[in-house]
Amino acid sequence: MIYIKSERDILLIRQAVSIWKEVKIELTKACKPGVSLLALDKIAAEIIEKNDATCSFYQYEGFPGHICISVNAELIHGIPSNYILKKEDMVTFDVGVTYKNHVCDSAFTIIMDEDNVEAKKISEVTYDSLIKSISVIKPGATTGDIGYEIEKIANEGGYEVIKDFGGHGCGNKVHEDPMILCYGSKGKGTKLEKNMVICIEPMLMTDSDEYIIDKKNKWTVISKNKKLTCHWEHMVLVTENGYEILTQDNCDKI
(Lines give C-alpha, C1' and ligand atoms only; values in the text may rest on other atoms or scores of the structure.)
Protein backbone atom coordinates (compact mmCIF):
# COMPACT_ATOMS: atom_id res chain seq x y z
CA MET A 1 0.00 0.00 0.00
CA ILE A 2 1.19 3.52 -0.83
CA TYR A 3 0.82 6.01 2.02
CA ILE A 4 0.54 9.70 1.17
CA LYS A 5 1.93 11.38 4.28
CA SER A 6 0.02 13.92 6.32
CA GLU A 7 1.74 16.93 7.83
CA ARG A 8 1.75 15.10 11.18
CA ASP A 9 3.34 12.05 9.55
CA ILE A 10 6.07 14.20 8.03
CA LEU A 11 6.76 15.93 11.35
CA LEU A 12 7.16 12.62 13.17
CA ILE A 13 9.29 11.16 10.37
CA ARG A 14 11.57 14.21 10.67
CA GLN A 15 11.92 13.49 14.40
CA ALA A 16 12.89 9.89 13.62
CA VAL A 17 15.39 11.27 11.09
CA SER A 18 16.99 13.50 13.73
CA ILE A 19 17.61 10.44 15.92
CA TRP A 20 18.98 8.56 12.90
CA LYS A 21 21.45 11.39 12.29
CA GLU A 22 22.67 11.19 15.89
CA VAL A 23 23.26 7.46 15.42
CA LYS A 24 25.17 8.11 12.20
CA ILE A 25 27.49 10.61 13.88
CA GLU A 26 28.36 8.21 16.70
CA LEU A 27 28.79 5.17 14.45
CA THR A 28 31.09 7.18 12.19
CA LYS A 29 33.25 8.07 15.19
CA ALA A 30 33.30 4.51 16.53
CA CYS A 31 33.87 2.63 13.27
CA LYS A 32 37.58 1.84 13.54
CA PRO A 33 39.87 -1.16 13.16
CA GLY A 34 39.73 -3.35 16.26
CA VAL A 35 36.07 -2.69 17.01
CA SER A 36 33.52 -5.52 16.83
CA LEU A 37 30.29 -5.31 14.88
CA LEU A 38 28.38 -6.19 18.04
CA ALA A 39 29.89 -3.19 19.81
CA LEU A 40 28.72 -0.92 17.00
CA ASP A 41 25.26 -2.48 17.08
CA LYS A 42 25.09 -1.76 20.82
CA ILE A 43 26.05 1.89 20.31
CA ALA A 44 23.23 2.34 17.80
CA ALA A 45 20.67 0.60 20.02
CA GLU A 46 21.58 2.67 23.08
CA ILE A 47 21.25 5.98 21.21
CA ILE A 48 17.93 5.01 19.67
CA GLU A 49 16.48 3.78 22.97
CA LYS A 50 17.62 6.83 24.96
CA ASN A 51 15.61 8.95 22.53
CA ASP A 52 12.41 7.05 23.35
CA ALA A 53 12.53 5.32 19.98
CA THR A 54 12.97 1.71 18.89
CA CYS A 55 15.22 -0.10 16.43
CA SER A 56 13.01 -0.68 13.39
CA PHE A 57 14.85 -3.77 12.21
CA TYR A 58 15.14 -5.61 15.54
CA GLN A 59 13.06 -8.80 15.23
CA TYR A 60 11.56 -7.46 11.99
CA GLU A 61 10.56 -10.75 10.33
CA GLY A 62 12.96 -12.35 12.82
CA PHE A 63 16.05 -10.22 12.09
CA PRO A 64 18.29 -10.59 15.18
CA GLY A 65 20.32 -7.37 15.03
CA HIS A 66 19.35 -3.85 16.08
CA ILE A 67 20.81 -2.52 12.82
CA CYS A 68 22.29 -4.07 9.66
CA ILE A 69 26.09 -3.98 9.34
CA SER A 70 27.48 -5.31 6.06
CA VAL A 71 31.21 -5.67 5.36
CA ASN A 72 33.00 -5.86 2.00
CA ALA A 73 31.29 -8.54 -0.15
CA GLU A 74 28.19 -8.40 2.05
CA LEU A 75 25.74 -6.17 0.22
CA ILE A 76 22.77 -5.90 2.61
CA HIS A 77 21.22 -7.44 5.73
CA GLY A 78 24.51 -8.05 7.50
CA ILE A 79 23.92 -9.32 11.03
CA PRO A 80 26.14 -7.78 13.75
CA SER A 81 28.58 -10.38 15.06
CA ASN A 82 31.84 -10.76 16.96
CA TYR A 83 33.74 -9.96 13.76
CA ILE A 84 36.54 -7.46 14.49
CA LEU A 85 36.98 -4.74 11.88
CA LYS A 86 40.25 -4.49 9.96
CA LYS A 87 41.78 -1.39 8.38
CA GLU A 88 41.06 -2.61 4.86
CA ASP A 89 37.34 -3.18 5.49
CA MET A 90 34.52 -1.19 3.95
CA VAL A 91 31.43 -1.09 6.17
CA THR A 92 27.81 -0.24 5.40
CA PHE A 93 25.41 0.65 8.20
CA ASP A 94 21.71 0.37 7.45
CA VAL A 95 19.83 1.93 10.37
CA GLY A 96 16.10 2.04 11.04
CA VAL A 97 14.58 4.25 13.74
CA THR A 98 10.93 4.10 14.78
CA TYR A 99 9.65 7.10 16.73
CA LYS A 100 5.98 7.25 17.71
CA ASN A 101 5.14 4.69 15.03
CA HIS A 102 7.00 6.62 12.31
CA VAL A 103 10.13 5.33 10.64
CA CYS A 104 13.43 6.62 9.31
CA ASP A 105 15.41 4.14 7.20
CA SER A 106 18.72 5.07 5.62
CA ALA A 107 22.16 3.59 4.97
CA PHE A 108 25.72 4.90 4.65
CA THR A 109 29.13 3.43 3.91
CA ILE A 110 32.44 4.02 5.68
CA ILE A 111 35.88 3.31 4.22
CA MET A 112 38.46 3.14 6.97
CA ASP A 113 41.57 3.13 4.79
CA GLU A 114 41.96 6.30 2.73
CA ASP A 115 44.32 4.40 0.40
CA ASN A 116 41.75 1.72 -0.45
CA VAL A 117 41.30 2.76 -4.07
CA GLU A 118 38.92 -0.05 -5.00
CA ALA A 119 36.60 0.66 -2.07
CA LYS A 120 36.64 4.41 -2.69
CA LYS A 121 35.73 3.94 -6.34
CA ILE A 122 32.70 1.69 -5.80
CA SER A 123 31.48 3.90 -2.95
CA GLU A 124 31.83 7.04 -5.07
CA VAL A 125 29.92 5.50 -7.98
CA THR A 126 27.20 4.17 -5.67
CA TYR A 127 26.78 7.55 -3.98
CA ASP A 128 26.79 9.32 -7.35
CA SER A 129 24.04 7.00 -8.59
CA LEU A 130 22.08 7.79 -5.42
CA ILE A 131 22.28 11.56 -5.81
CA LYS A 132 21.69 11.61 -9.57
CA SER A 133 18.72 9.26 -9.36
CA ILE A 134 17.18 11.40 -6.62
CA SER A 135 17.54 14.45 -8.87
CA VAL A 136 14.77 13.16 -11.18
CA ILE A 137 12.22 12.95 -8.36
CA LYS A 138 9.12 15.14 -8.60
CA PRO A 139 5.37 14.59 -8.81
CA GLY A 140 4.65 12.73 -12.05
CA ALA A 141 8.09 11.13 -12.29
CA THR A 142 8.12 7.34 -12.05
CA THR A 143 9.97 4.66 -10.14
CA GLY A 144 11.30 3.53 -13.52
CA ASP A 145 12.94 6.94 -14.00
CA ILE A 146 14.80 6.45 -10.71
CA GLY A 147 15.88 2.89 -11.46
CA TYR A 148 17.03 3.88 -14.94
CA GLU A 149 19.38 6.53 -13.52
CA ILE A 150 20.79 4.18 -10.87
CA GLU A 151 21.68 1.48 -13.39
CA LYS A 152 22.99 3.99 -15.94
CA ILE A 153 25.46 5.53 -13.48
CA ALA A 154 26.44 2.12 -12.11
CA ASN A 155 27.16 0.68 -15.55
CA GLU A 156 29.08 3.77 -16.65
CA GLY A 157 31.25 3.30 -13.56
CA GLY A 158 31.89 -0.34 -14.41
CA TYR A 159 29.52 -1.97 -11.90
CA GLU A 160 26.39 -4.10 -11.90
CA VAL A 161 23.21 -3.54 -9.89
CA ILE A 162 21.38 -6.22 -7.96
CA LYS A 163 18.07 -7.07 -9.59
CA ASP A 164 16.06 -8.64 -6.78
CA PHE A 165 16.27 -5.94 -4.09
CA GLY A 166 15.61 -2.22 -4.12
CA GLY A 167 14.26 0.85 -2.43
CA HIS A 168 10.71 1.33 -1.20
CA GLY A 169 8.15 3.58 0.35
CA CYS A 170 8.67 4.19 4.05
CA GLY A 171 7.57 6.27 7.02
CA ASN A 172 4.35 4.82 8.38
CA LYS A 173 5.87 1.34 8.11
CA VAL A 174 9.39 0.05 7.48
CA HIS A 175 8.52 -1.19 4.01
CA GLU A 176 5.71 0.31 1.97
CA ASP A 177 4.86 0.39 -1.71
CA PRO A 178 6.12 1.26 -4.19
CA MET A 179 9.20 -0.89 -4.65
CA ILE A 180 11.98 1.07 -6.37
CA LEU A 181 14.38 -1.27 -8.13
CA CYS A 182 17.98 -0.44 -9.03
CA TYR A 183 17.10 -0.60 -12.72
CA GLY A 184 14.14 0.44 -14.81
CA SER A 185 12.77 2.13 -17.89
CA LYS A 186 11.93 5.81 -18.15
CA GLY A 187 8.25 6.52 -17.75
CA LYS A 188 7.48 3.07 -16.40
CA GLY A 189 6.45 2.00 -12.93
CA THR A 190 4.57 3.89 -10.23
CA LYS A 191 4.02 7.63 -10.61
CA LEU A 192 5.23 9.71 -7.69
CA GLU A 193 2.92 12.07 -5.82
CA LYS A 194 3.46 14.98 -3.45
CA ASN A 195 4.02 13.87 0.16
CA MET A 196 5.14 10.37 -0.69
CA VAL A 197 8.22 9.39 1.32
CA ILE A 198 10.53 6.94 -0.42
CA CYS A 199 13.87 5.30 0.23
CA ILE A 200 16.28 5.28 -2.70
CA GLU A 201 19.01 2.70 -2.26
CA PRO A 202 21.41 1.79 -5.06
CA MET A 203 23.16 -1.53 -4.45
CA LEU A 204 26.22 -2.04 -6.64
CA MET A 205 28.28 -5.16 -7.27
CA THR A 206 31.63 -5.83 -8.92
CA ASP A 207 31.75 -7.78 -12.23
CA SER A 208 28.51 -9.71 -11.66
CA ASP A 209 25.03 -9.24 -10.20
CA GLU A 210 24.92 -12.81 -8.88
CA TYR A 211 24.52 -13.24 -5.15
CA ILE A 212 23.98 -15.82 -2.45
CA ILE A 213 22.15 -15.69 0.88
CA ASP A 214 24.33 -16.64 3.84
CA LYS A 215 23.51 -20.30 4.56
CA LYS A 216 24.02 -19.94 8.30
CA ASN A 217 22.09 -16.80 9.17
CA LYS A 218 19.59 -16.93 6.24
CA TRP A 219 19.72 -13.12 5.94
CA THR A 220 22.92 -11.63 4.59
CA VAL A 221 23.10 -11.00 0.83
CA ILE A 222 26.66 -11.64 -0.39
CA SER A 223 28.17 -11.28 -3.86
CA LYS A 224 28.65 -14.76 -5.32
CA ASN A 225 32.15 -13.88 -6.57
CA LYS A 226 33.03 -12.46 -3.12
CA LYS A 227 34.08 -9.14 -4.69
CA LEU A 228 33.30 -5.72 -3.22
CA THR A 229 29.75 -4.45 -3.05
CA CYS A 230 28.33 -1.14 -1.88
CA HIS A 231 25.01 0.22 -0.65
CA TRP A 232 23.93 3.79 0.07
CA GLU A 233 20.42 4.94 0.92
CA HIS A 234 18.59 8.22 1.43
CA MET A 235 15.05 8.87 2.59
CA VAL A 236 13.34 11.37 0.31
CA LEU A 237 10.16 13.43 0.57
CA VAL A 238 8.39 14.20 -2.71
CA THR A 239 7.55 17.91 -2.60
CA GLU A 240 5.24 20.05 -4.72
CA ASN A 241 7.90 20.79 -7.32
CA GLY A 242 10.65 18.28 -6.61
CA TYR A 243 12.14 16.58 -3.58
CA GLU A 244 13.78 16.99 -0.18
CA ILE A 245 16.46 14.57 1.00
CA LEU A 246 15.42 14.07 4.62
CA THR A 247 18.55 12.16 5.66
CA GLN A 248 21.11 14.39 3.97
CA ASP A 249 23.83 15.92 6.13
CA ASN A 250 27.41 17.09 5.86
CA CYS A 251 28.94 13.88 7.23
CA ASP A 252 29.10 11.71 4.09
CA LYS A 253 32.73 10.78 3.56
CA ILE A 254 33.54 8.82 0.43
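**Pocket lining.** I looked up what lines the largest pocket, and strand β7 (residues 166-169) gives the most, with three residues. Strands (E, at least two residues) and helices (H or I, at least four) are DSSP runs numbered from the N terminus. The model is predicted: local features need pLDDT of at least 70, side-chain atom pairs count only at pLDDT 80 or more, and totals for chains, interfaces and linings use all residues. Residues are numbered from 1 along each chain as its sequence is written, and side-chain values use heavy atoms, with hydrogens and water left out.

I noted 18 lining residues, with Tyr 60, His 77, Phe 165, His 168 and His 175 nearest the pocket centre. A pocket is an open set of points on a 1 Å grid over the protein atoms alone, where a 1.4 Å probe fits, with protein on both sides within 12 Å along at least five of seven lines; lining residues have an atom within 4 Å of a point. By class I found nine nonpolar, five polar and four charged residues in the lining. Ala, Val, Leu, Ile, Met, Phe, Trp, Tyr, Cys and Pro count as nonpolar, Asp, Glu, Lys and Arg as charged, and the others, Gly among them, as polar. The space in this pocket is about 370 Å³, taken as the volume filled by probe spheres set on the points, which are joined across faces, edges and corners.

**Helices α1 and α2.** I checked how α1 (residues 7-30) packs on α2 (residues 37-50): the angle is about 150 degrees and the axes are 9 Å apart. Axes are lines fitted to C-alpha atoms over the stretch in contact, and angles run from 0 to 180 degrees between N-to-C directions. The pair is therefore roughly antiparallel, a term for angles over 145 degrees. Contact (heavy atoms within 4.5 Å) involves, among others, Ile 19 and Leu 27 of α1 and Leu 40 and Ile 47 of α2. I counted nine nonpolar, no polar and three charged residues there.

**Helices α3 and α4.** For α3 (residues 117-134) and α4 (residues 143-156), I read an angle of about 150 degrees and axes 8 Å apart. They too are therefore roughly antiparallel. Their contact includes Val 125 and Lys 132 of α3 and Ile 146 and Ile 153 of α4. The classes are five nonpolar, two polar and three charged.

**Backbone.** I found a cis peptide bond from Asp 177 to Pro 178, with omega near 0 degrees. Pro 178 sits in strand β8 (residues 176-181). Asp 207, not a glycine, has a positive phi of about 75 degrees. I placed Asp 207 in the loop between β10 (203-206) and β11 (211-213).

Conventions. Angles under 35 degrees count as roughly parallel, over 145 as roughly antiparallel, 65 to 115 as roughly perpendicular and the rest as oblique.
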